[in-house]
Amino acid sequence: LISECPVNLECQVRQVVKLGSHDLFLAEIVAIHASEEVLDAYGRIDPAKAKPLGYISGEYWTGH
C-alpha cells in the first residue's frame with residue numbers, strides 16, 4: 001500500500017489489451033483499503049475528505 005495515499009485499491013489484472021504504443025490493463029478490484037480519516041459516520045469513503053486526483057488528457061484533475 002502507499003502510505004501517503006488515503007485510499008488504495010487492490011486489483012487483480014483480468015486482461016491486457018495491446019494498443020500499439022501502450023497496453024490497457026482491465027482489472028477487478030478485490031479489496032479497498034482506506035484510512036479512517038477519509039471515512040464518514042457510516043464507514044464509507046467521503047470523496048471530500050479523500051480529495052481524489054486523476055490524470056486525464058495531459059492534465060491533473062481534482063474533485064474540487
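This is a predicted model: local features need pLDDT of at least 70, side-chain atom pairs count only at pLDDT 80 or more; totals for chains, interfaces and linings use all residues.
**Exercise 1. Work out how S1 and S2 are arranged.**

Step 1. Strand S1 covers residues 7-18 and strand S2 covers residues 23-34. The two pair in the antiparallel sense over 11 bridges; two strands pair if DSSP finds at least two bridges between them.

Step 2. S1 and S2 form a hairpin with four residues between them, and Gly20 in the turn has a positive phi of about 90°.

**Exercise 2. Is Asn8 buried or exposed, and what does its side chain reach?**

Step 1. Asn8 is found in strand S1. Its relative accessible area is 11%, so Asn8 is buried.

Step 2. List the touching residues. Not counting residues up to four places away in sequence, Asn8 touches Leu1, Ile2, Ala31, Ile32 and His33.

Step 3. Next come the polar contacts (pairs of N or O atoms within 3.5 Å; within protein, one must be able to donate a hydrogen and the other to accept it, and residues adjacent in sequence count only if both atoms are side-chain atoms). A polar atom of the Asn8 side chain lies 3.2 Å from the backbone nitrogen of Ile2. The Asn8 side chain also reaches the backbone oxygen of Cys5, at 3.2 Å.

Step 4. Finally, compare with Exercise 1. Phe25 and Asn8 are 17 residues apart in sequence and 17 Å apart in space, C-alpha to C-alpha.

**Exercise 3. Find the salt bridges and say how accessible their residues are.**

Step 1. Start with the rule: a salt bridge is a side-chain nitrogen of Lys or Arg within 4 Å of a carboxyl oxygen of Asp or Glu. The count comes to three salt bridges. Side chains of opposite charge can pair when their charged atoms come close.

Step 2. Glu28 forms a salt bridge with Arg14, and the closest N and O atoms are 2.3 Å apart. This pair links distant parts of the chain, with Glu28 in strand S2 and Arg14 in strand S1, 14 residues apart. Glu28 is partly exposed at 37% relative accessible area, whereas Arg14 is exposed at 53%.

Step 3. Lys18 forms a salt bridge with Asp23, the closest N and O atoms being 3.4 Å apart. Lys18 is exposed at 64% relative accessibility, and Asp23 is partly exposed at 33%.

Step 4. Asp40 and Arg44 meet through their side chains at 3.4 Å, N to O. Asp40 counts as partly exposed at 25%, and Arg44 as exposed at 51%.

**Exercise 4. Which residues other than glycine have a positive phi near or about 50°?**

Step 1. Recall the background: most residues other than glycine have a negative phi.

Step 2. Lys51 has a positive phi near 50°. Lys51 is found in the loop between helix H1 (47-50) and S3, and is exposed at 58% relative accessible area.

Step 3. Ser57 has a positive phi of about 50° although it is not a glycine. At 75% relative accessibility, Ser57 is exposed.

Step 4. S3 and S4 form a hairpin with two residues between them, with Ser57 in the turn. Strand S3 (residues 53-56) and strand S4 (residues 59-62) run antiparallel and are joined by four bridges. In S4, Glu59 is the bridge partner of Ile56.

Key: Residues are numbered from 1 along each chain as its sequence is written. Side-chain values use heavy atoms; hydrogens and water are left out. Buried means under 20% relative accessible area, exposed over 50%, partly exposed in between (1.4 Å probe, protein chains only). Contact means heavy atoms within 4.5 Å.
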